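Hi,

Here is the structure I promised to pass on.

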Amino acid sequence: MQLANASQEQLNQWEQSLSAEYDAIKAKGLSLDLTRGKPSAEQLSLSDALDGILQQNYITDSGVDARNYGGLEGIAEARALGEQLMGVPSSNIIAGGNSSLTLMYQLMTTAYFFGLEGADSAWQKEGEIKFLCPVPGYDRHFSICEQLGIEMVNVPMTSNGPDMDAVEALLRADSSIKGMWCVPKYSNPTGVIYSDETVKRIAALGSIAGKGFRVFWDNAYAVHDLSENPIKLLSIWDAAQAAGTQDSVIQFASTSKITHAGAGVAFVAASDKNLAGYKKVLGIQTIGADKINQLRHAKFFAVPDSLTSHMQKHADIIKPRFASVLKHLEEAFGDNDLGEWESADGGYFISFDTQEGLAKTVVALAGEAGVKLTPAGATFPYGKDPQDSNIRIAPTVPSVEQVDEAMNVFVTCVKLATVRKALSK
Ligand SMILES: Cc1ncc(COP(=O)(O)O)c(C=O)c1O
């Protein structure tokens, strides 16, 4: 389907046949959902042995009774698991509760209200402040900024990560920019892995940004590879040590999409100074996280390489779903300009761009035909996609057959919306 040179008559023909196809789909009364970026029940079941794994042995290797209060930093075994995930020395890791998003929220509010380097460093003292947001990105990051009244500045994503020329230029020009969100591996939703050069340039931002600048490095998909030989993400910890900017980076990860999404362990890794600032505030909020769950996780992954083999099992479940999405996109749009997408080698999403101004229409058409898609705009700050073109596809929860059926509907909706737009010109 090449729209650029198509005659009016040809466009009319396409519109009629696509409309008929669409009506036939609607008549099926489908109820499918490509919105949920969460593990399927089959994936969750891979970790059911967590339940009962302790067999009433609650004492950690260093003699801590996991049932009792205390231990703001988490137990040593859990921090060691964090080291495996994040490649940061466990002495610079805090193992927390079940959600890294909570840790991000806590670090943001600590920096904003109380300051990570004492009260004078609180961002709120500087009045209006801003955050850089690579787009498309993760809506929950944007919600945190929005709630705190932090103005978000869009930065385009490239296939190597955020456009670093734009990032550096913005930071040089504006000292009220206090931070930047990053999902460096299998970025949500583009699936991009930041290149080595990008990681080094981000690590060095602390030396060109205004004071108090922090990169929020959300490595949610650190071990979520789908290919056998995944690209390795350069260590931002090492890069920041080399650049002398270690205070400007705060890293996050969790086992949410490794074990049980609602009952995992989350981690924050940062410099001594940042962790000290965080602990001051954290200690007011809690006496300590759930150490029993931390111990369960440490036992679950006690055997060397068990994390790798466990993630392989996730990949075996997810891969056919990703393959189905990519097959449909390739078949429908591989030889035309109706849409663009990145082929993700891991993570949870595939990001699709329609022609400009069509994402909302496609999402609405799909919804009417029984296929729920993430609302258009959700991948941008304030829910506003300036091009109205990005759609996030999350294929992990439905069965392979359901993904196949949903993608059939999706490509029909994209074609129909695009042909109608061409006709209306
Ligand atoms: C980029 C990113 N960060 C964080 C999360 C949530 O992590 P957690 O379950 O550890 O709060 C998600 C979940 O979809 C995510 O995509």
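This is a predicted model: local features need pLDDT of at least 70, side-chain atom pairs count only at pLDDT 80 or more; totals for chains, interfaces and linings use all residues.

Residues are numbered from 1 along each chain as its sequence is written, and side-chain values use heavy atoms, with hydrogens and water left out.

**The helix pair**

Two packed helices are described by the angle between their axes and the distance between the axes. For α12 (residues 359-368) and α13, the axes come within 9 Å and cross at roughly 130 degrees. That makes α12 oblique to α13. The crossing of α12 past α13 is right-handed.

On the α12 side, Thr361, Val362, Leu365 and Ala366 make the contact, and on the α13 side Phe410, Cys413, Val414, Leu416, Ala417 and Arg420 do. By type, the residues of this contact are eight nonpolar, one polar and one charged.

How I use the terms:
- Helices (H or I, at least four residues) and strands (E, at least two) are DSSP runs, numbered from the N terminus.
- Axes are lines fitted to C-alpha atoms, for helices over the stretch in contact, with angles from 0 to 180 degrees between N-to-C directions.
- Under 35 degrees is roughly parallel, over 145 roughly antiparallel, 65 to 115 roughly perpendicular, and the rest oblique.
- A crossing is right-handed if the near helix is turned clockwise from the far one by less than a right angle, left-handed if anticlockwise.
- Contact means heavy atoms within 4.5 Å.
- Ala, Val, Leu, Ile, Met, Phe, Trp, Tyr, Cys and Pro are nonpolar, Asp, Glu, Lys and Arg charged, and the others, Gly among them, polar.

Thr418 lies in α13 (residues 400-424) and is buried at 2% relative accessibility (buried is under 20%, exposed over 50%, partly exposed in between, with a 1.4 Å probe and protein chains only). Beyond its neighbours within four places in sequence, Thr418 contacts Leu3, Leu338, Gln355 and Leu358.

Leu358 sits in the loop between β11 (350-354) and α12, and at 4% it is buried too. Not counting residues up to four places away, Leu358 touches Asp388, Ala417, Thr418 and Lys421. Its C-alpha is 9.8 Å from that of Ile391, 33 residues away in sequence.

**Cysteines**

With a disulfide taken as a pair of cysteine sulfur atoms within 2.5 Å, the count is zero. The sulfur of Cys133 has its closest cysteine sulfur in Cys145, at 5.1 Å, too far for a bond. Cys133 is buried at 0% relative accessibility, and Cys413 is also buried at 0%.

Cheers
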